[in-house]
Every structure is written in structure tokens, then in C-alpha cells.
Amino acid sequence: MQRTTPPFRADVVGSFLRPAAIKEARKQFQAGEIDAVQLRAVEDTEIRRVVDLQREAGLQVVTDGEFRRAWWHFDFFEGLEGVEGYDAVQGIQFNGVQTKARSIKVVSKLGFGSHPMLEDFRFLKSISGTAVPKMTIPSPSVMHFRGGRNAISKDVYPDLKDYFDDLAQVYRDAIKAFYDAGCRYLQLDDTVWAYLCSEDQKKQIRERGDSPEELARTYADVLNKAIAGKPDDLVIGLHVCRGNFRSTWISEGGYEPVAEILFGGVNIDAFFLEYDNERSGGFEPLRFIKKGHQQAVLGLITTKSGELELAKTVEARIAEAAEYLDINQICLSPQCGFASTEEGNSLTEAQQWEKLKLVVDIAARVW
């Protein structure tokens with residue numbers, strides 16, 4: 001049956017390909033040819049357009065496409081108190097390509113403060129019409145994972161337990177602030193759980209002196225503390241991503257290694273799960289998702305290429321997933337955003353919208 005509250009049977013992860021006008025305006029801003037007010041005016045115009053296009057595609061949910069961001073995660077983290085961005089020695093290594101060299105470090109006590117993305121959400125909400133505006137932010141585990149202990153000041157946080165306690169509080173404050181701004185649909189984007197499914201990534205974790213099993217328990221605890229006591233009418237989703245940069249990825253492996261602690265133990269409302277190719281494994285781990293209101297939003301439509309999936313193939317995979325989870329706890333979406341960074345994936349805007357319309361059409365038939 002159709003859903004009137006998020007997540008919807010046809011949903012979306014969040015980011016969209018940056019239009020030419022945004023790319024040009026960013027270049028002009030960086031060159032000092034326009035100021036921040038002029039840049040924001042261009043962003044406003046393009047966000048209005050992408051919201052209209054999402055609604056025209058038949059979606060009940062809209063995002064701002066992350067058009068004001070260069071990165072899906074760093075822009076948010078750099079807006080927190082106690083966090084400092086810097087130009088790193090090297091970028092993040094994906095499969096055959098590397099990102100720009102950027103990273104973050106914790107230099108003082110963490111706090112949410114007056115985060116600039118609150119105003120970004122307010123603008124989205126003001127233009128969303130009858131659609132539900134969704135805010136997307138990185139998950140707390142992402143703040144810790146890549147830099148680990150070395151990216152956190154030992155003077156400020158000699159004991160990492162205090163760091164994780166403060167991190168959970170920052171997210172509690174963030175959830176309240178976005179709720180007070182009118183947000184009723186919040187998505188936490190998380191690459192770390194997928195790394196914990198990858199034998200190669202787990203090897204790297206152990207080599208740096210961490211335990212993948214211990215990290216999983218810590219991250220689950222922080223997530224549950226962050227969302228504890230959230231308002232009943234606020235839906236929080238968790239998108240588990242295997243990496244998304246210029247149509248490449250980082251990790252591979254099915255969800256089984258983390259399924260019990262993640263699906264069975266994290267009290268999230270919806271899991272957005274990548275299932276667009278063999279790197280994602282089978283649907284068996286869905287058996288751990290708790291019966292009831294929790295939803296699994298299956299990312300069966302890839303955003304990494306423009307080739308359009310066959311509807312009958314996608315419908316067959318939904319039926320296969322329903323062998324492990326009630327079909328009324330299943331929704332459909334693209335596997336990830338179309339542009340987790342401003343560079344975007346290797347497909348056209350037209351192909352992007354064809355993919356979304358396919359999601360809507362399949363959902364209408366299945367449910």
C-alpha cells in the first residue's frame with residue numbers, strides 16, 4: 001500500500017547533478033567576481049528549479065539537491081563548533097580516482113551552535129509546496145572514522161569516551177534544531193557501515209590499531225543516543241553508502257557482517273540500502289530488520305551510470321527482497337545521490353530524471 005508519511009514507496013537519497021549555472025557561479029565566487037549574496041541568489045534559483053523537477057517526476061519528497069555544498073559531509077562538519085577544515089596531504093582514494101585533498105580535525109569542544117544549514121533547510125521548506133522537504137546530513141560515525149584518534153585533539157579530548165558523548169549531544173542538538181526549523185524528515189548519510197562490511201577496509205582498520213567490531217558497537221551506541229527521545233512525528237533515515245565519487249566506489253561486500261547490530265540494534269526509522277550491483281550482496285541480511293514500522297528503502301536503481309534499468313528486473317528483485325522482509329516494510333529509491341560531491345557522477349541531467357521517473361513508475365505498480 002502507498003505511504004502518506006516518509007519514507008515514501010518512491011523516495012530519493014538527496015543530491016543531484018549540479019547545473020551549469022551553479023558551477024559557473026562557484027567559479028566566479030572563488031575568483032572574487034561575485035560575492036556570497038550573489039552566489040546564494042543563483043543557488044536559490046537553481047534549487048527552486050530542482051524542487052519543481054522532483055515534484056514533476058512524481059515524488060512526494062524533495063531535497064535541495066545539496067546545491068549549496070561542495071561535499072556531502074565536510075560542509076556540514078565545518079559548520080560545527082570545534083571542527084576545523086583544512087587542505088589535506090592527499091584526497092580520499094576511490095576505485096581508480098582520488099578526491100580533492102580536504103579533511104577535518106577537532107580542535108576544541110564540539111557543539112552544534114547556529115549552524116548555517118538551518119537556514120538552507122528553511123529555504124527548502126518555504127518552496128516545497130505539498131511535498132515533504134528532506135534534510136540530508138552526514139552521520140556522526142563519519143565524523144570519527146576517517147581521521148580517527150589522530151584527527152581529535154588529545155588536549156581537548158584525552159578520553160575518546162568524552163568525545164563520543166559530546167558527538168551524540170551535538171546530533172541531539174542538531175535534530176532538535178532542524179525539527180524546530182520545521183524538518184520532519186531527516187536523513188543521516190553514512191559510509192562507515194559499508195566499510196565495516198568490506199574485508200579490505202577492515203584490514204586497514206586493524207592496521208591502524210582499531211577493532212572493526214568495537215567501532216560497530218561504538219557507532220551504534222552514538223546513533224541510538226543521538227536519536228533517543230526524538231519527536232514521534234520526525235522520521236530519521238540512515239543511508240548506508242559504499243562510496244560515491246565520479247561514479248566510483250570504495251567498499252564492497254554484503255551487509256551480513258553488520259546486519260544484526262545495525263538492522264537489529266539501531267533504532268532508526270528507515271534504512272536506505274545500496275543494492276544496485278553484486279558488490280551489495282544478497283537480501284538475506286534484511287531478516288534482522290525489526291518487524292513493524294521500520295522501512296528498508298532499497299537502492300535498486302544505480303546513480304553511477306545513465307543506462308536505464310529494466311522495470312521487470314527491478315520488480316523481480318523487490319519480490320526477492322520480500323522473501324526476507326514484509327513488502328509493506330520495503331520502499332524503492334536510487335542507490336545513492338547523483339552527486340555526492342560537486343563533481344557529480346557520469347550521467348546526464350536527462351538520464352538523472354529518467355531514473356527518478358522509473359523509481360516512481362515501479363513503485364506505483366508494485367505497491
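Aspartate 120 is buried, with a relative accessible area of 10%; buried means under 20% relative accessible area, exposed over 50% and partly exposed in between, for a 1.4 Å probe and protein chains only. This is a predicted model, in which local features need pLDDT of at least 70 and side-chain atom pairs count only at pLDDT 80 or more, while totals for chains, interfaces and linings use all residues. Residues are numbered from 1 along each chain as its sequence is written, and side-chain values use heavy atoms, with hydrogens and water left out.

The side chain of aspartate 120 forms a salt bridge with that of arginine 40, at 2.7 Å from N to O. A salt bridge is here a side-chain nitrogen of Lys or Arg within 4 Å of a carboxyl oxygen of Asp or Glu. Aspartate 120 belongs to helix α4 (residues 117-127) and arginine 40 to helix α2 (residues 36-56), so that the pair links distant parts of the chain, 80 residues apart. Helices (H or I, at least four residues) and strands (E, at least two) are DSSP runs, numbered from the N terminus. Arginine 40 is partly exposed, with a relative accessible area of 29%.

Arginine 68 is buried, at 11% relative accessible area. A salt bridge of 3.4 Å, N to O, joins the side chains of arginine 68 and aspartate 120.

Glutamate 43 and arginine 68 are both buried.

The structure holds 26 salt bridges. Through shared partners, salt bridges join Arg26, Arg40, Glu43, Asp44, Arg68, Asp120 and Glu342 into one network. Aspartate 44, a member of this network, is placed in helix α2 and is buried, with a relative accessible area of 17%. Neighbours within four places in sequence aside, aspartate 44 is in contact with Arg68 and Phe123; contact means heavy atoms within 4.5 Å.

## The nonpolar core

In soluble globular proteins, nonpolar side chains tend to be buried together. A nonpolar core is defined as a set of buried Ala, Val, Leu, Ile, Met, Phe, Trp, Tyr and Cys residues joined through side-chain atoms within 4.5 Å. The largest such core has 114 residues, of which Met143, Phe178, Trp193 and Leu286 touch the most other members. Helix α6 (residues 160-180) supplies the largest share of this core, 11 residues.

Leucine 286 touches Leu273, Tyr275, Ala296, Leu298, Ala321, Tyr324 and Leu325, residues up to four places away in sequence not being counted.

## Helices α8 and α9

Two packed helices are described by the angle between their axes and the distance between the axes. The axes of helix α8 (residues 199-207) and helix α9 (residues 212-227) come within 9 Å and cross at roughly 95°. That makes α8 roughly perpendicular to α9. Axes are lines fitted to C-alpha atoms, for helices over the stretch in contact, with angles from 0 to 180 degrees between N-to-C directions; angles under 35 degrees count as roughly parallel, over 145 as roughly antiparallel, 65 to 115 as roughly perpendicular and the rest as oblique.

Lys202, Ile205 and Arg206 of α8 make the contact with Pro212, Glu213 and Leu215 of α9.

## Histidine 144

Histidine 144 lies in helix α5 (residues 140-145) and counts as buried, at 4% relative accessibility. Residues up to four places away in sequence excluded, histidine 144 touches Arg149, Ile152, Leu160, Tyr163, Phe164, Leu215 and Tyr219.

## Backbone features

Most residues other than glycine have a negative phi, and most peptide bonds are trans. Glutamate 66 has a phi near 60°, a positive value in a residue other than glycine. Glutamate 66 is found in the loop between β1 and α3 and is buried, with a relative accessible area of 3%. A cis peptide bond, with omega about -10°, joins proline 6 and proline 7. Proline 7 lies in the segment before α1 (20-30).
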